[in-house]
Amino acid sequence: MNDVTKPFISDVKTLRDRARQHLADGAITPTYVGDVAKTIEILQSVLATEIVCVLRYTQHAISAAGIASEPVKAEFLEHAHEEQEHMNAVAERIAQLGGKPNFNPEGLATRSASQYSQPDDLVEMIKENLVAERIAVQHYQELIRYFGDDDPTTRAMLEGILSVEEEHANDMSDLLASRVQK
Ligand SMILES: [Fe+2]
Ligand SMILES: [Fe+2]
């Protein structure tokens with residue numbers, strides 16, 4: 001079903017590609033009418049994205065310790081905890097809507113918009129996290145527009161998450177600047 005008033009949601013590849021370029025605004029084009037099943041499907045992808053973020057930040061926090069960088073490790077760890085809060089909130093919302101939150105590791109990386117990576121280099125870790133945050137920011141901005149007034153609860157949850165992702169992106173950007181200057 002098509003509804004010209006609804007904004008478009010990009011596929012994972014588009015989101016990934018775009019996040020690696022300079023693009024501030026999400027592409028908004030007409031697509032389909034939202035419904036509960038569709039909302040659950042979208043939130044499963046959001047859930048996978050948050051799980052991947054928990055895994056990536058946790059891995060980086062532990063690996064960064066080995067390359068002597070306590071402040072960066074602390075930042076990664078804090079983000080890991082916040083991503084876990086997002087993960088829980090999204091899973092709760094899926095359950096509220098009558099869905100079964102999908103925590104299955106099988107296919108996780110495909111369902112997720114953000115990517116898992118575990119570079120050895122600290123600057124590369126920061127960069128990968130910045131990319132992931134930029135993906136999340138775009139994705140959630142689009143979803144907030146998509147949900148509009150159709151599902152204010154889901155929208156409000158995503159707005160709360162978005163503001164934290166923007167802080168995360170900013171933190172990574174600051175860390176990157178401080179590392180690159182050295
Ligand atoms: Fe998150
Ligand atoms: Fe984040």
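Modeller: Some ground rules come before the features. This is a predicted model, where local features need pLDDT of at least 70, side-chain atom pairs count only at pLDDT 80 or more, and totals for chains, interfaces and linings use all residues. Residues are numbered from 1 along each chain as its sequence is written, chains are lettered from A and ligands numbered from 1 in the order in which they are written, and side-chain values use heavy atoms, with hydrogens and water left out.

Biologist: Where do glutamate 50 and glutamate 165 sit in the chain?

Modeller: Glutamate 50 is in helix 2 (residues 36-66) and glutamate 165 is in helix 6, 115 residues apart, so this pair links distant parts of the chain. Helices (H or I, at least four residues) and strands (E, at least two) are DSSP runs, numbered from the N terminus.

Biologist: Is glutamate 50 buried or exposed?

Modeller: Buried means under 20% relative accessible area, exposed over 50%, and partly exposed in between (1.4 Å probe, protein chains only). Glutamate 50 has a relative accessible area of 0%, so it is buried. Glutamate 165 is buried too, at 1%.

Biologist: How far apart are the two iron ions?

Modeller: They are 3.9 Å apart, and glutamate 83 coordinates both.

Biologist: How do I read a pair of rings?

Modeller: Rings of Phe, Tyr and Trp (its six-membered ring) pair if their centres lie within 6.5 Å; planes under 30 degrees apart count as stacked, over 60 as edge-to-face and the rest as tilted. This rule gives two aromatic pairs. Tyrosine 57 and phenylalanine 76 have ring centres 6.1 Å apart and planes at 45°, so they are tilted. Both of these residues are buried. Tyrosine 146 and phenylalanine 147 have centres 5.1 Å apart and planes at 75°, so that pair is edge-to-face.

Biologist: And the nonpolar cores?

Modeller: In soluble globular proteins, nonpolar side chains tend to be buried together. A nonpolar core is a set of buried Ala, Val, Leu, Ile, Met, Phe, Trp, Tyr and Cys residues joined through side-chain atoms within 4.5 Å. The largest core here has 26 residues. Those touching the most other members include Ile42, Val46 and Leu158. Helix 2 gives the largest share, nine residues.

Biologist: Which residues is leucine 158 in contact with?

Modeller: Contact means heavy atoms within 4.5 Å. Leaving aside neighbours within four places in sequence, leucine 158 is in contact with Val46, Tyr140, Leu143, Ile144 and Phe147. Another core, of 14 residues, lies apart, and Tyr57 and Ala169 are among its members.

How values were computed: Donors are N, O and S atoms within 2.8 Å of the metal (3.2 Å for Na, K and Ca); water is not among the atoms, so sites may look incomplete.
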